[in-house]
Amino acid sequence: MGALSGKIAVVTGGNSGIGLSAAKIFAAEGAQVVITGRRRQAVEEAIAQIGAGALGIQGNVADVAHHDEVAQQILQRFGALDIYMANAGINTITHSADVSEAEYDAQFAVNTRGVFFGVQKLIPIMRNGGAIILTGSLASEKVLDGHAVYAGSKAAINAFARAWAIELKSRGIRVNVLSPGPVDTAILDKLGIPFEQRGLFEKAMAEAIPLGRMGQPEELAKAALFLASDASSFVTGINLRVDGGMAVL
Ligand SMILES: NC(=O)c1ccc[n+]([C@@H]2O[C@H](COP(=O)([O-])OP(=O)(O)OC[C@H]3O[C@@H](n4cnc5c(N)ncnc54)[C@H](OP(=O)(O)O)[C@@H]3O)[C@@H](O)[C@H]2O)c1
């Protein structure tokens, strides 16, 4: 029997990177997995990779009505939810002086508003004893060049998690943040780093990480499994850094 047998799990941004790895490990541990993502085709390809009857719902986490639809579909198909991993996120690197209103709004719409309303809409169908995992970022605690807006958008969810850990304690719902350091996913292609500088960027990142390399999405997925399962039954309100020790330096 798997660690998540009989559980219903939703992973937002489950068609790529950390979310896809988490969805795979949740399914392998017996959960019925539902992923969401913005790109329909990528969602369909991910479902095929996850297998185990995984379902996909295409939508934009910045759109509150999307979360209503996810809640409705889970309720109709499965009756309730046990695990919610609010993982979808975007990041662009820009110095504060150059940040446009559109860039600011886009990051807060996905990383902050998307997480807040996703949890608000899914909580009513979550079973008591459930687990909520918010994918944060090391950037919310450690200053990284050009990351001010992204860091702010992720710092807010650290505060949400602490508030929700208390608001939901009477239902035994645990709420924790999983904070990755640099991880080798498609997000690196979306940072806006010129192609010719990509090698230098990755080298600088690896040198700044005590374990000497970037993380792999599977390493974050294993930590997500810990937070989703009974292995963390006495853990709520924490920020679990999975960053190769980068926060320490
Ligand atoms: N990789 C890192 O170094 C790193 C470090 C710290 C924190 N994180 C955080 O980890 C999480 C996962 O990132 P990743 O590295 O796995 O990156 P990724 O491979 O780019 O995955 C991001 C996921 O979020 C989805 N997404 C983005 N905007 C969305 C929207 N508006 N509506 C619905 N889905 C949306 C993407 O869907 P589409 O592909 O369809 O757009 C994709 O599935 C993010 O919250 C990110 O901020 C990553």
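User: Hey, I'm looking at β3. Which residue in β3 is the bridge partner of T36?
Analyst: That's I57: in β3, I57 is the bridge partner of T36. Keep in mind that this is a predicted model.

User: Okay, and where is T36 itself?
Analyst: T36 sits in strand β2.

User: Is T36 buried or exposed?
Analyst: T36 has 2% relative accessibility, so it counts as buried. The cut-off for buried is under 20% relative accessible area.

User: What is T36 in contact with, apart from its neighbours within four places in sequence?
Analyst: Quite a list: V11, T12, G13, G14, N15, V43, I57, H66 and V70. You'll notice I57 there, the bridge partner we started with.

User: What actually holds strands together in a sheet, in general?
Analyst: Strands of a sheet pair through backbone hydrogen bonds, either parallel or antiparallel.

User: Now β1. How many of its residues are buried?
Analyst: 5 of its 5 residues, so to speak the whole of residues 8-12, and β1 is described as mostly covered.

User: Which way do they point?
Analyst: I8, V10 and T12 point one way from β1, while A9 and V11 point the other way. In a regular strand the side chains alternate between the two faces of the sheet.

User: Who does β1 pair with?
Analyst: β1 is joined to β2 by 5 bridges, running parallel, and it also pairs with β4 in the parallel sense over 3 bridges.

User: How does the chain get from β1 to β2?
Analyst: It crosses through helix α1 (residues 17-28), and this β-α-β crossover is right-handed.

User: You mentioned Y84. What stands opposite Y84 in β5?
Analyst: I132 does. Strand β4 (residues 81-86) and β5 pair in the parallel sense over 5 bridges. The chain goes from β4 through α4 to β5, and this β-α-β crossover is right-handed.

User: Why is β5 called largely enclosed?
Analyst: Because 7 of the 10 residues of strand β5 (residues 126-135) are buried, the rest of the structure largely encloses it.

User: And what about β5 and β6?
Analyst: They run parallel, with 5 bridges joining β5 to strand β6 (residues 174-180). L134 stands opposite V177 in β6.

User: At what angle do α3 and α4 pack?
Analyst: Helix α3 (residues 64-78) and helix α4 (residues 101-122) pack at about 35°, with their axes 9 Å apart. Their crossing is right-handed.

User: Which residues make that contact?
Analyst: From α3 you have V64, H67, D68, V70 and A71, and from α4 R113, G114, F117, G118, K121 and L122. By class, that contact has 5 nonpolar, 3 polar and 3 charged residues.

User: What about I123, where is it found?
Analyst: I123 is in the loop between α4 and β5. Its relative accessible area is 14%, so it is buried. Leaving aside neighbours within four places in sequence, I123 is in contact with I132, L168, R171 and I173.

User: Last one: what is the phi of A52?
Analyst: A52 has a positive phi of about 50° although it is not a glycine. Most residues other than glycine have a negative phi. A52 is in the loop between α2 and β3, and at 56% relative accessibility it counts as exposed.

Note on methods:
Residues are numbered from 1 along each chain as its sequence is written. This is a predicted model: local features need pLDDT of at least 70, side-chain atom pairs count only at pLDDT 80 or more; totals for chains, interfaces and linings use all residues. Side-chain values use heavy atoms; hydrogens and water are left out. Axes are lines fitted to C-alpha atoms, for helices over the stretch in contact, and angles run from 0 to 180 degrees between N-to-C directions. Helices (H or I, at least four residues) and strands (E, at least two) are DSSP runs, numbered from the N terminus. A crossing is left-handed if the near helix is turned anticlockwise from the far one by less than a right angle, and right-handed if clockwise. Contact means heavy atoms within 4.5 Å. Ala, Val, Leu, Ile, Met, Phe, Trp, Tyr, Cys and Pro count as nonpolar, Asp, Glu, Lys and Arg as charged, and the others, Gly among them, as polar. Buried means under 20% relative accessible area, exposed over 50%, partly exposed in between (1.4 Å probe, protein chains only). Two strands pair if DSSP finds at least two bridges between them. A crossover is right-handed if, with the strands pointing away from the viewer, the path from the first strand over the helix to the second runs clockwise.
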